[in-house]
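Here's a quick tour of a protein model, one spot at a time. Have a look at the structure first, then read on.

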Amino acid sequence: MLFSSIPFLYYFLPCVLLLYLVAPRKLKNSVLLLSSLFFYGWGEPKYLILMLLSITQGYIFGRLVEKYRGQKRAKLFLTLSVVFSFLMLGYCKYADFFISSFNAVTGLSIPLLKIALPIGISFYTFQIVSYVIDVYRGDVSAQRNYVNLAAYISMFPQLIAGPIVRYADIAGQLENRTHSTAKTSLGVRRFIIGLSKKILLANVLGELVDGFKQADDKSVLFYWLYAVAYTLHIYFDFSGYSDMAIGLGHVFGFDFLENFNYPFISRSITEFWRRWHMSLGSWFRDYLYIPLGGNRVPRGRWIFNIAVVWAATGLWHGAAWNFVAWGIFFAVLLVLEKLFLKKWLERAPARGHIYVMLLVIISFVLFDATSLRGAGETIGAMFGAGGLPAVSFEALYNLRSYAVVLILGIIGSTPLPKLAVERIRKTSGGAVLINAAEPVALVALLAVSTAFLIDGSFNPFLYFRF
């Protein structure tokens, strides 16, 4: 079930909100758990067993790790839990990738398992692993109430696409959280903005990307149009979903951490990754990079640590070599920035911004490719390889057709709209104007988004495959 769907918006969510509203405080987590299980089982009920099994082992091993903290048995139970989680993830997500890679190297023809990827498994696996590790480190106490832990891990607002919510950040809120009209209003506002970003920008940009892939009349301009559109598409697709998750969290009394902070205004790749998918970046930093030694090791080992983390980051996004190459691409850039590029970029901020956007756009072409060879051909075509014409009729037609949404996407990916609203609010009578206009604008956005959902057919969510 998608957030950006009629069944979710007008059937599932109203029913859950009503049940949650009338439920006593002690039963609110139970309502969240049951509704989340229904939400997750909507598409493939059989994967509920896998998720509940993962939650149960996390609960049991978390309790055992706390009980024997400081003893060798605690490390044993931690290891068993982490191995179980990653074996489950590896089997479901990477088994066919490793088999096909092995076949390619050896020339064998071992049959693929053809396992369907359970939605959201990458997200809830990381949450379970971080929870057990935090219990082992003594950062949090093990959750003794199974319903509370299961509600945290399976919570439908962030279950299938993040952000990766750590137990330590909401442990207190599971037991005691604040519900208020102001917080609910903030959540509804955030949800509608995220929904609009997904439907009115990401989906429309996705249509342009899809049209490019089916077109025969290619040109250099059309390749760049595709690359820019895809970069904006993936940003609004994922950040829109994160906005909806954070908004729903507020409605249910939770405060999820931010996941995006205008990454396209960055002036270095280092800064970009502090602003893009922040929950994933901080997870790999705290649970892989720092345990490996971080940057407090000899230079050779530090480069190795960077390579391991970013290869893992690439693999987390998908079981294919283009994702590994995508991760290594950023690893190389980050190492170069640490060694000498960062000083060069800091001398001219505009140069840094151009550098970031060019490389990020190229990186997402690699991200979207079905093979390394295909990625190379597309990137080459962007720079005139293959004898393509500079401009084609189809490129000009699509540029004219999607110019408005591209401009809105570019502006909307910066803080400019937010700054404009804040400036108006500070003027005489501006606050009154904004307070009166905001509810009307939100209702209008919801109505237009609903109309697009009823009328349109292009409504995939890219991060479901992760």
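Before we start, one term: two residues are in contact, or "touch", when they have heavy atoms within 4.5 Å of each other. Also keep in mind that this model is predicted. We'll visit a serine, then a helix, then a pair of helices.

- You'll find Ser 85 in helix H4, which covers residues 72-106.
- Is Ser 85 buried or exposed? Its relative accessibility is 4%, and the cut-off for buried is under 20%, so Ser 85 counts as buried.
- Leaving out residues up to four places away in sequence, Ser 85 touches Gln 57, Thr 125, Ile 128 and Val 129.
- With Gln 57 there's a polar contact too, side chain to side chain, at 3.0 Å.

**Helix H10**
- H10 runs over residues 220-251, so to speak a stretch of 32 residues.
- From first C-alpha to last, H10 reaches 46 Å, close to the 46 Å expected at 1.5 Å a residue.
- Most of H10 is covered, with 29 of its 32 residues buried.
- Just after H10 comes Gly 253, which takes a positive phi of about 90°.

**Where H15 meets H16**
- The axes of H15 (residues 349-368) and H16 (residues 372-382) come within 8 Å and cross at roughly 145°; the crossing is right-handed.
- On the H15 side, the residues in this contact are Ile 361, Ile 362, Val 365 and Leu 366.
- They meet Leu 372, Ala 375, Thr 378, Ile 379 and Met 382 in H16.
- Sorted by class, the contact of H15 with H16 has eight nonpolar residues, one polar and no charged ones.

Note on methods: Residues numbered from 1 in each chain as written. Predicted model: local features only at pLDDT ≥ 70, side-chain atom pairs only at ≥ 80, totals over all residues. Heavy atoms only, no water. Axes fitted to C-alpha atoms, helices over the stretch in contact; angles between N-to-C directions. Helix = DSSP H or I, 4+ residues; strand = E, 2+ residues; numbered from the N terminus. Left-handed = near helix turned anticlockwise from the far one by under 90°. Nonpolar A, V, L, I, M, F, W, Y, C, P; charged D, E, K, R; others polar. Expected span 1.5 Å × (residues − 1). Buried < 20%, exposed > 50% of the residue type's maximum accessible area, 1.4 Å probe, protein only. Polar contact = N/O pair within 3.5 Å; in protein donor to acceptor, adjacent residues only side chain to side chain.
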